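Thanks for making the time, everyone. I would like to walk through one structure with you this morning, going from accessibility to salt bridges, helix packing and backbone geometry. Please have the viewer open while I talk.

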Amino acid sequence: MSDPAAPDLLVVEDDADVRASLERGLALSGFAVRSAQDGPGALRAVHERVPDAVVLDLGLPGMDGVAVVTALRAMDHDVPVCVLSARDTVDDRVVGLEAGADDYMVKPFALTELVARLRALLRRGVRPAPSAPSDGDVVAAGPLRIDLARRTVHVGERSVDLTKREYELLVVLARNADVVLTRERLLELVWGYDFATDTNVVDVFVGYLRRKLEADGTPRLVHTVRGVGFVLREGG
Amino acid sequence: MTRRSAARPGGPAPRRSASLRLRVALASGLASLVVVVLVGVLASVLLTREQTDRLDRSLVPGSPAVLGTFASTRADLAVTLRGPSATRRVSGPELPLSPVGIPTSVDVGGVAYRIRTAPGPTPGVLVTVGATEDDTRARVADRQRLVLGLGVVAVALAAGLGWLFAGRAVRPMRRLTAQAATLDGAVDPDVDPPVVRADGSRESEELADALSAMLARLHAEQERSTASLHAARDFAAAARHELRTPLTAMRTDLEVLQAHPDLPEREAVLADVQRAQARVEATLTALGQLAAGDLPDSGELDAVGVADVLRLAAEDARRAHPELAVVVDEPPERTITVSLEGLRMALANAVVNAVRHGGAGSVRLGAHAGEDGGVVLTVDDDGRGLPASEREAVLGRFVRGSTAGAPGSGLGLALIAQQAARHGGEVRLEDAPSGGLRVSLAIGPDRAG
C-alpha cells in the first residue's frame with residue numbers, strides 16, 4: 001500500500017459498501033487506491049492527479065459513469081477505464097464502452113479478474129504499443145487508410161472518428177489484413193490480456209467498428225469467421 | 001360424428017350457409033307459393049263448379065219441337081226422345097238414359113257429354129238433353145291457366161320484393177360484420193376499447209351491444225395481464241440490479257478473506273460481509289412485499305378505526321426502534337376499510353425511513369380528514385428532512401435521496417406509495433412542523449367511513 005511504485009488507481013462508486021470493499025481489495029492487491037463517490041468527485045480527483053487507471057461504476061447518481069468517461073476523454077486523458085455495470089443488458093455496455101471506456105465488468109465480478117485486467121491495461125498504458133508508428137507510416141486495406149502518425153482513419157474520403165480502443169483494434173486488424181485473428185489473440189494484442197478471460201468485449205468493439213466504418217454504406221470490412229474470430233479483408 | 005370431428009385444419013373451408021337475404025327472399029317466395037296454390041286450387045274448383053252449373057241450367061227440357069228447333073241452332077246440343085215403343089234422336093248422337101232430373105257426365109262416341117233426362121211433354125216419353133263439355137272444359141282450362149300465370153307472377157314478385165326488403169333489413173348486420181372485421185387482436189392500453197355500432201334493427205343493436213361489451217371485457221382483461229406482465233418484468237430487472245450491488249461487496253470481501261487469511265482487519269471485513277448479507281435480505285423482503293402489493297386485489301380488507309391503526313403502528317415502531325420516541329396524536333374517530341397489514345407495513349417503512357435516512361430521534365403519528373373526504377395518516381419526524389426537489393423522485397423504486405444515511409434498498413417510500421395507491425390515495429412528502437420530514441399517506445374517500 002505504501003509502495004511508491006504502486007499504480008495509482010481511482011475507484012468511482014456511489015455505494016459505500018462496494019466502495020469500501022473495492023478499496024480494501026484493490027489496495028491489498030497492490031494498488032494505491034483513491035476513491036470518489038460521484039461524477040464531479042471523480043473529475044476533481046483526476047484534476048488533482050491523473051491516476052494510472054480508473055474503475056468506474058456506470059450507475060452513479062446525477063452525473064453518471066458514461067458522462068464521466070466522456071468528460072475524461074474530452075479532456076484528453078488516455079487512462080485505461082474499466083466500467084462496472086449492475087445491469088447485464090447490452091445497452092449499458094454499449095454506452096459505457098462507446099464513450100471511450102476500455103473494458104467492462106458486470107457486477108458481481110471476481111476481484112482477481114478485475115485486478116488481472118487492470119494490470120494488463122496498465123502494462124499496455126506504459127509500454128509503447130508493439131507497433132509503434134513512425135512518421136509517414138500508413139496502413140491501407142481496400143478503402144481503409146490509417147495514418148499511424150496522425151492517428152487518423154479514413155474510409156474512402158470520409159474521416160472516421162474512433163475511440164482509442166477502437167483505433168487500436170482496427171490497427172491490429174488492418175496490419176493483419178486477410179489473417180483471421182482469434183478473440184484470444186485480439187484480447188492479447190489490443191488489451192494485453194494474455195490470460196484466459198471470459199468476456200465478449202472484442203465482439204462489442206467489432207460491432208462499434210463496423211457501425212462507424214459502414215456508416216455511409218461502405219461494404220463490410222471486418223468479417224466474423226464463425227467459431228474462429230475476426231478478419232479484415234475486402235469483399236466476402 | 002367421429003368423421004366430422006376429425007376434420008383436419010387446412011382441409012376444405014366449411015360450407016357457407018345461404019345468406020340471410022336469400023333466405024328471407026326464399027321464405028317470402030315459399031309463403032306466397034302456398035297462398036297462391038291454395039287460392040288457385042280453390043278458384044279452380046269454384047270455376048269448374050260454376051261452369052258445370054251453367055251448363056246444367058242450359059239443359060232445360062222443352063217440347064220436342066222447340067227442342068228440335070233449339071238443338072238445330074246449336075251444334076253442341078243433342079236431344080234424344082224415348083217413347084214407350086221407340087227411341088228417337090232429335091239431334092246429335094243418341095244419348096244414353098240417365099236417372100231423371102240428375103245432370104250426369106257421360107261419354108258418347110268418345111265425346112264427353114253432360115246430359116239430363118226429364119219427363120217429356122207427353123206421358124211415357126222421356127227427353128234426354130245433352131251438351132258437349134268441350135267448351136266448358138276449355139273455358140275452365142283457360143281460366144286455370146290464367147290463375148296459374150298470375151300465381152307464378154305473384155310468387156316471383158314476392159320473392160323479389162323479399163330480396164329487396166331483406167337487403168335493407170340485413171344492412172345493419174353487414175355494417176356489424178364490416179366493423180368486426182376491422183378489429184384486430186392487438187390491444188393498445190392507451191386506446192379505449194373499440195365500440196361497435198349497428199343501428200337499424202333491434203337484433204343488430206343488441207348484437208352490437210353484446211359485442212362491444214365483450215370487447216370491453218377483453219380489453220380490460222388484456223390490459224390487466226399486460227400491466228401484470230410489465231410489473232413482473234420491471235420487478236425482475238430491478239431485483240437483479242438491486243441485489244448485484246451488495247453481492248459485489250460480498251464477493252469482493254470474501255475474495256479478500258480467502259486471499260489474505262491472516263488479515264489484521266479480518267473482523268471488520270467479516271462485519272462488512274454480514275452487513276451486505278443483511279442488505280440482500282432486506283432488499284428481498286422489500287421486493288417480496290412490493291411484488292405482493294403489485295398483484296391486483298391481493299389480500300383482504302379490514303374495517304378498522306384510525307386510532308387502532310395508529311396504535312398498532314406506534315407499537316411496531318417502538319418494538320423496532322427502542323431508542324426512538326414515538327408520539328401518537330389523538331386521531332379523528334373514523335373507520336377505514338383497508339388492508340391492515342399493508343398499512344402497518346407502509347407506516348413502519350415511514351418510521352424506518354425517518355430513523356435511517358432522517359436521523360430522527362422522535363416521530364409523531366397522526367391522522368386528519370383529507371380534503372376529498374378521505375383520511376390522511378401522517379408520520380412526522382425531527383430528522384434532517386429531504387430537499388423539496390427530490391421528494392417526487394424518491395417515491396420511485398430503487399431511488400435514494402441525496403441525504404440518505406445508512407444504505408437502504410431504495411424501496412421504502414416506493415412501498416408506501418404503492419400502499420397509498422392501493423387504498424385509492426397518494427403519498428406526499430412535506431416539511432414536518434417538527435422540522436423534519438412529514439410522510440402523508442392519503443386514503444381515498446371510498447375507503448373511509
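Let me begin with a definition: a residue is called buried under 20% relative accessible area, exposed over 50%, and partly exposed in between, with a 1.4 Å probe and the protein chains only. Before I apply that, please keep in mind that this is a predicted model, in which local features need pLDDT of at least 70 and side-chain atom pairs count only at pLDDT 80 or more, while totals for chains, interfaces and linings use all residues. Residues are numbered from 1 along each chain as its sequence is written, chains are lettered from A and ligands numbered from 1 in the order in which they are written, and side-chain values use heavy atoms, with hydrogens and water left out.

Chain A first. Of its 236 residues, 53% are buried, and the chain has eight helices and twelve strands, where helices (H or I, at least four residues) and strands (E, at least two) are DSSP runs numbered from the N terminus. If we take contact to mean heavy atoms within 4.5 Å, then among the contacts in chain A between residues at least 6 apart in sequence, 60% join residues at least 24 apart.

Now to the salt bridges, by which I mean a side-chain nitrogen of Lys or Arg within 4 Å of a carboxyl oxygen of Asp or Glu. How many salt bridges does this rule give over all chains? The count comes to 38, and I will pick out a few.

One of them pairs Arg150(A) with Asp147(A), whose closest N and O atoms are 2.7 Å apart. Asp147(A) counts as buried because its relative accessibility is 13%, whereas Arg150(A), at 64%, counts as exposed.

In another, Asp203(A) and Arg183(A) come together with an N to O distance of 2.9 Å. This pair links distant parts of the chain, with Asp203(A) in helix α8 (residues 201–213) of chain A and Arg183(A) in helix α7 (residues 183–191) of chain A, 20 residues apart. Both count as partly exposed, Asp203(A) at 28% relative accessibility and Arg183(A) at 27%.

On chain B, Asp329(B) forms a salt bridge with Arg364(B), and here the closest N and O atoms are 2.6 Å apart. Asp329(B) sits in the loop between β7 (325–328) and β8 (335–338) of chain B and Arg364(B) in strand β9 (residues 362–369) of chain B, so the pair ties together parts that are 35 residues apart in sequence. There is also a network, held together by salt bridges that share partners, which joins Asp15(A), Asp17(A), Arg24(A), Asp253(B), Asp272(B), Arg275(B) and Arg279(B).

Let me turn to helix packing. Helix α6 (residues 164–175) of chain A packs against α7(A) at an angle of about 120°, with their axes 9 Å apart; the axes are lines fitted to C-alpha atoms, for helices over the stretch in contact, and angles run from 0 to 180 degrees between N-to-C directions. That makes α6(A) oblique to α7(A), given that angles under 35 degrees count as roughly parallel, over 145 as roughly antiparallel, 65 to 115 as roughly perpendicular and the rest as oblique. Which residues meet here? Arg165(A), Glu168(A), Leu169(A), Val172(A) and Leu173(A) in α6(A) meet Leu186(A), Leu189(A), Val190(A) and Trp191(A) in α7(A).

A few backbone details deserve a look, as most residues other than glycine have a negative phi, and most peptide bonds are trans. A cis peptide bond joins Lys107(A) and Pro108(A), with omega about -10°, and Pro108(A) is in the loop between β5 (103–106) and α5 (111–126) of chain A. Arg151(A) has a positive phi, near 55°, and lies in the loop between β7 (144–147) and β8 (152–155) of chain A. Asp178(A) also has a positive phi, near 70°, and is exposed, with a relative accessible area of 57%.

Finally, back to chain B. UniProt, in an unreviewed entry, places the feature "transmembrane region" at residues 24–47 and 146–166 of chain B; its positions are given in the numbering used here, feature names are shortened, and annotations may be inferred rather than shown by experiment. In the model, residues 24–47 of chain B are 100% helix and 0% strand, with the end C-alpha atoms 34 Å apart, and residues 146–166 of chain B are 100% helix and 0% strand, with the end C-alpha atoms 30 Å apart.
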